[in-house]
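Dear colleague,

Please find below the structure that I am handing over to you. My notes on its side-chain contacts follow directly after it.

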Amino acid sequence: MIDQDGYRENVGIVLVNSDNNVFWGRRAGTSFWQMPQGGIEQGETPQEAMLRELSEEVGLQPDHVRVIHRTNDWLHYRLPESRVRSINGKKFVGQKQIWYLLKFIKNDNYININFFNEPEFDCWKWINFWEPLELVARFKKTVYESALKTFYPFLDKEF
């Protein structure tokens, strides 16, 4: 769904393991890495979209994670002008996202990036919690920074 300002409603996922490292996936067929994210479909709540995206992109189910926190407000990023386009007659300029912090409570064998028939990622790894800020595409950096700063205080709590 694209709003009147051209932003697509989306969810983002900061998935951390028991060492508070972050899931980092390489988008299939590219050299770009990111955390799981995806669009909110018509009639879906952000949490329903997050659980669907978690399953489609990482192969994880609700009982494999604990939802620890989420952002209260939309976080926005604008696409570079070269990537702005029209979708269904609406100008698409970027994403507005609700982000979730999830604690992965199983072992790595549960992660299956080939779970969905069109995989989002072709490889993945765990990285230091702050490392995405050095690695993510520049136009997403502010959103990643906001999400990580929001979630950082929740890492040291008992899950």
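Gln95 counts as buried, at 7% relative accessibility (buried means under 20% relative accessible area, exposed over 50%, and partly exposed in between, with a 1.4 Å probe and protein chains only). Please note that this is a predicted model, in which local features need pLDDT of at least 70 and side-chain atom pairs count only at pLDDT 80 or more, while totals for chains, interfaces and linings use all residues. Residues are numbered from 1 along each chain as its sequence is written, and side-chain values use heavy atoms, with hydrogens and water left out.

Gln95 belongs to strand E9, residues 94–104 (helices, H or I, have at least four residues and strands, E, at least two; both are DSSP runs numbered from the N terminus). Its side chain makes a polar contact of 2.8 Å with the side chain of Asn10. Such a contact is a pair of N or O atoms within 3.5 Å; within protein, one must be able to donate a hydrogen and the other to accept it, and residues adjacent in sequence count only if both atoms are side-chain atoms. Apart from neighbours within four places in sequence, Gln95 is in contact (heavy atoms within 4.5 Å) with Tyr7, Arg8, Asn10, Gln37, Leu75, His76 and Tyr77.

Turning to the rings, the structure holds 11 aromatic pairs. Rings of Phe, Tyr and Trp (its six-membered ring) pair if their centres lie within 6.5 Å; planes under 30 degrees apart count as stacked, over 60 as edge-to-face and the rest as tilted. Phe129 and Tyr152 form a tilted pair, 5.9 Å centre to centre with 45° between the planes. Phe129 lies in the loop between strand E10 (121–127) and helix H2 (132–135) and Tyr152 in the segment after helix H3 (141–151), so this pair ties together parts that are 23 residues apart in sequence. Phe129 is buried at 4% relative accessibility, whereas Tyr152 is partly exposed at 40%. Tyr152 also forms a tilted pair with Trp130, at 5.3 Å centre to centre and 45° between the planes. Trp130 is partly exposed, with a relative accessible area of 30%.

Phe23, Phe104, Phe121, Trp124 and Trp126 form one aromatic cluster.

Finally, Lys96 lies over the face of Trp74, at 4.9 Å from the ring centre, and Lys125 over the face of Trp33, at 4.7 Å. The criterion is NZ of Lys or CZ of Arg within 6 Å of the ring centre and within 35 degrees of the ring normal.

Yours sincerely
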